Amino acid sequence: MNKVVPIMMAMALTAPLSLSAMQIASANLTSANLTSDAPKTNSDATVVVGSATKPKFTAHSAKEMSKADDAAADAANSANVLLKKRLHGLQQYQAAFKQTVTDAQGNIVHEAQGTLTMMRPNKLRWETTFPDETLLIADGEAVWNIDTFVEQVTIISQDQAIKDNPIVLLTANDDETWDSFVISKLDDAKASSTLEQYQIVPKSTDGQIKSLTLGFNSDGILSTLDMLDAQDQTSALVFSKQDLDFAIDTAKDNLFSVDVPQSYIIDDQR
């Protein structure tokens, strides 16, 4: 578990039935479902079928549904813009974290502490100090998972590692990547805290991550990250000591590069 979660790190809205779908469903009703002596009404609002009263869709109701769809689209666009604005402020980001992973029943299956460092575009460094010392680096081209205990480095393509993973939005700038996700801003009724929260859901269902929820404090700084995976495990991170303006000398600092010792085994899966 402690190896799978870092690799994934590097990388209950129900849609209303559409008008056309309802019309098709209605057309599929057979005469056996209808009684010849069924009561009728002159009202344009309802049609009585047997003993069940069902709404009759008119041009007015279709127009109202269209307005609702437009409102939902506007809300999604607004959430997208707001989240982009928040993350644009994270051109670089460094913070200590505490991570708790729970299964579908709420049982804790893993805990960790460490440091997360990110830089736009597409660079990430994930270090744990508890319960084990691990290091994972995404350099923009590849993800390097360094296991000092067994002296092995696993290398995978970064594009493959973060495919359909909403974590990519933390460091990605391009519209094509952003268009792969549905973003919604959680209102006070849905939010799990007083933070400003955004939920990111992949449009594709082929990935390992179902959703990512980001929480920002009153200063607009990333404070929490909750990730739900395909096995219904939730990885919850709480950040502290956030620094958005730390100094980096790219000529001297090797934050996003890897110098592999000769004694290490290299498993290159690119």
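How exposed is Glu-151, in terms of relative accessible area? Hold that for a moment. One caution: this is a predicted model.

Start with Glu-151. Glu-151 is not a glycine, yet its phi is positive, about 55°. Look for Glu-151 in the loop between strand 7, residues 142-147, and strand 8, residues 152-157. Now the opening question. The relative accessible area of Glu-151 is 35%, so Glu-151 is partly exposed. The cut-offs behind that term: buried is under 20%, exposed is over 50%, and partly exposed is in between.

Next, Lys-241. Here too phi is positive, near 55°, in a residue other than glycine. Where does Lys-241 sit? In strand 13, which covers residues 234-243. And its accessibility? The relative value for Lys-241 is 72%, so Lys-241 counts as exposed.

Now the prolines. Which kind of peptide bond joins Arg-120 to Pro-121, cis or trans? Cis, with omega near -5°. Pro-121 lies in the loop between strand 4, residues 108-119, and strand 5, residues 123-130.

Move along to the other end of strand 5. The bond from Phe-130 to Pro-131 is cis, and omega is near 0°. Pro-131 belongs to the loop between strand 5 and strand 6, the latter being residues 134-138.

To recap. Positive phi turns up at Glu-151, in a loop, and at Lys-241, in a strand. Glu-151 is partly exposed, whereas Lys-241 is exposed. That's my tour.

Note on methods
Residues numbered from 1 in each chain as written. Predicted model: local features only at pLDDT ≥ 70, side-chain atom pairs only at ≥ 80, totals over all residues. Heavy atoms only, no water. Helix = DSSP H or I, 4+ residues; strand = E, 2+ residues; numbered from the N terminus. Buried < 20%, exposed > 50% of the residue type's maximum accessible area, 1.4 Å probe, protein only.
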